[in-house]
Amino acid sequence: MECRRIVDKFAQSFVQRRKEKAELESLAELEAVEASLYTHNQNSEPEGHMSSNITRANTQKCRDFDLNEVLKFEEEDHEGYADSNIPEMHADGASFAGENACPADNADYSNGNEHGNKEEDKYEEIIESVLNPEEPSAEEMEMDKMFANKKYPTMQEISEASTPTVGMEFDSKEDAFFFFAVYARRVGFAIKKDSSYESKKTNEISRQAFACNRCRDDTYIDSALRQRRTSRIVQTKCQVRMFVKEYRGKWSITNIRLEHNHNLAPSEWIVRFMKCHRSMSASDKTLIHILQETRVPPRNIMKIFRKTRGSFRAVPFDTKNLGNELAKERKKIKNRDIEELLILFKEAREKMPGFTHSIDVDSDNRVKSLFWTNQIGKANYSKFGQFVSFDTTFSTNQYGMPFAPIIGVDNYGKTVVFGVGLLEDETADTFKWLFEEFLSAMDNKHPETIITDQDVAMGIAISKALPYTIHRFCNFHISKNLDDKLSLFFTVRGTLKEELRAVIRNSFTPEEFETEWRDLLQRHNALGEPHLDRIYEIRAQWVPAYFKESFFPFTSSTGRSESTNSLFKHYVKRKDSIETFFKEYMIIQEKKQSDLDRLREKSELKESVNWGFNPLEREAMKIYTDPIYGKFADELRKGTAYNVEVVEEKILYKVIRVTNYRNAEFPRSTYMVSISPDEDVYKCSCSKMARDGIQCCHVMRVATHIGLTELPVSFINPRWTTAAGIEVARLTERRTNTTSQNTHLAVRHAIEMSKISHILSTVCTDDRSYDLFAEGVAELKKAICKDAIERLQTKEKVTRKRKKVDDPVQQDTENMHHEDREDNNHGHNNEEIHPEEQNSSDEETKQDEHRPYKDPPQSGNPGFNLGERPMNFHEKSAAKLKKKTAPRLCGLCRLPGHKRPKCPDRDKVLY
């Protein structure tokens, strides 16, 4: 009776609150609801119900789950009523007595809520649906948690799931829920946790109800202003429930009702898309994250899980869930990108002390630009930093920051990354900051040469930050601009275009180029063309004849930078964070180290097949790396296409081509080779040794003519030798186990699942084989559990033995020894690190900890932030099309906004 009075009081307060909040046209409906409630309470017979015990209630299988069920449970064990769903019901207007109350009460109060708040809640829902994305409903959240504490059931468990009956016992409430969930999975519906009852004696839940996820009233209000297409669970007040009670450590089913008032899923394969039946184990998530980090498309990820599970239908998730997992991971680092990046920087410094980074921020401490390099980049630059290629690209991060790698060429002729920059824009000041930070990291060593595209801002920055470096423009971009801007001009002048390229390519001296350029333009009546005049004015920055004595190894363009940009774009996407970009950078560095191992194996452990029997070739094979030796042998082979004429014995020779061959570097047929007897230096008019660092075929032909059997010192450029890369190779010898435990377990899980799937594909076709397999799995499971228990007991024994040491003096002594060992180890690590690098690392760590950097501003169109970069021909054409036309003016008053027939001054002009 006390419980009934509490419920009645709660009902009265509930109705009163609804009266105060509601804006009803008539209060008669609400009063009718109140009257029906009291009528129901007066007509009930709580004493009769209270006298009945649980056994009789279970035998009768009561079909009317009314309010007195609560009183029955209260009277039997003197336990308090504690419905965990009451706060939720206050919010959404469900029944005050929980899902266990009678259907009539539920209907009355939900209808009262619907009418009472119709005007108020309608507009709140409209505004919320338009401004904010919809949150998952309470039912959907419960469905998500359905298998949270249990392993997802196998297809065998689902197919063999039994129907719940009164009297079934379980070890825990969770086991009972899992049993009901597996049954629901087989039948074709979803369940959720419903009302619960808390014992006054233990303050723990002693009764729990599980219900169909459609057990509530459908209070959904459709809105014409809803802009987002959504799906929802249609509530039907389904009465399917299972009640369980705890008694002496066991949970038993006390009441059950399994009749639905809605259609069930027509197929068990459709049920798997319900939220409660969608499952993704920890191993699955780890494997998915690994595959997503390696840029495996979702469809291919699903193929991998199909291989491990046997079919697509056996996979309890789909490609949409894969996208949701990726979105969750990105949401974790939202507005924490730089914070996570600094953590990665710190880890990189711990793994390799030479790692260095620089950050440029604005007045609000928001990151504008970034630069970093590691010890391998520094070692490469110290050995191969004579030449640098520099270019920028876009579409590599979500902030639209231009990606600016500083690259070079190693002793194998392969591209290496000296440092990486992510810049705020492409202005001269930003480039200047990047080059200054690069020099600071490289001990202020300036490169001899640098090649870029025809960018004004880059040129200004290089002239200020690298005043001692020879700057060259990309020849390819100059030629491309000629084709774009003068295509019609060249068309009407016959062979001017081909002859112009021959002059640019075949000139060996600046004087020769200038003479032939003027003669060619005069011959084709092309003097005075504006674009040709402009590129002629800057000829000293791009014509090869001006760089014959400068080191630009095997290149006259920024092709290496373009290939590096393309490589990074295969690893990163324009929506990626900077943290993800840095991780992919580390992966690319690891890949380059792996490629270097293959090249070292070929150069140091194998011997190339000689082209001929020249002793110079055999000696070069031992000195040069394998790729450079290939170029040397190619020059030696090309030398057979030439004859030698002696101009001055042992001093000057003329080399004449007598046979044409493919891919000749220059179209001319005569070259002059001079020899310096004192220094034993061989120099050709093509200057290949100065440009590329290896001798040309013309010098090779002269060396063969005079009978050289050993390579002169002047023939060998140390940067191309195998010995030049020893220091870099030593830095890469450190063995690192970067594979985490989770990654290892995920891969192991996938492999074993694939094996089992393959076995089951043959076992399931035969009943006898299937029974043997099932028995073996059961025995294996018992053995694993037994082994796990034994190991746990052994671990507890060892732990207890360790805890027996209670002497404080002994503990203090051990602590002192432990601290001494840590100090010794710390000092040993410091000896391996250069003092300057240690101080630099400490300063950077302190700076990272005391300066809370903010993420760069988001780009409106990620990956396409042009800044102040000059537009090319196509961009200018597009910009012209986007220009707004001038407003049309009146023919009389010359003002916009109207035409001549409607001009207000028309009468004044006419009269």
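Mentor: Start with α22. With four residues, α22 gives the largest share of the lining of the second largest cavity. Keep in mind that this is a predicted model.

Trainee: What makes a residue part of that lining?

Mentor: A lining residue has an atom within 4 Å of a cavity point. Ser479, Leu482, Asp483, Phe490, Lys497, Leu500, Arg501 and Ile504 line the second largest cavity, so they meet that cut-off.

Trainee: Which helices supply at least two residues each?

Mentor: α20 (475–485) and α22 (496–506) do. By class, the lining has four nonpolar, one polar and three charged residues.

Trainee: Why is this called a cavity and not a pocket?

Mentor: In a cavity a 1.4 Å probe fits but cannot get out, whereas a pocket is open. The second largest cavity has a volume of about 60 Å³. The structure holds seven cavities of 30 Å³ or more.

Trainee: What is the volume of the largest cavity?

Mentor: About 80 Å³. It has 13 lining residues, and the closest to its centre are Glu635, Tyr661, Glu665, Cys697 and His698. Two elements give two or more residues to this lining: α28 (626–638) and α30 (697–706).

Trainee: How is the lining of the largest cavity divided by class?

Mentor: Seven residues are nonpolar, two are polar and four are charged. Tyr and Cys count as nonpolar, and Glu as charged. Tyr661 and Cys697 therefore fall in the nonpolar class.

Trainee: What does "buried" cover in the whole chain?

Mentor: Buried means under 20% relative accessible area. Of the 911 residues in the protein chain, 42% are buried. The chain has 37 helices and 16 strands.

Trainee: How much of the accessible surface belongs to carbon and sulfur atoms?

Mentor: The share is 51% of about 51,600 Å².

Note on methods: Residues are numbered from 1 along each chain as its sequence is written. This is a predicted model: local features need pLDDT of at least 70, side-chain atom pairs count only at pLDDT 80 or more; totals for chains, interfaces and linings use all residues. Side-chain values use heavy atoms; hydrogens and water are left out. Buried means under 20% relative accessible area, exposed over 50%, partly exposed in between (1.4 Å probe, protein chains only). Accessible areas come from the Shrake-Rupley method with a 1.4 Å probe; for residues, only the protein chains shown count as cover. On a 1 Å grid over the protein atoms alone, a cavity is a set of points where a 1.4 Å probe fits but cannot get out, and a pocket is an open set with protein on both sides within 12 Å along at least five of seven lines; lining residues have an atom within 4 Å of a point. Grid points are joined across faces, edges and corners, and a volume is the space filled by probe spheres set on the points.
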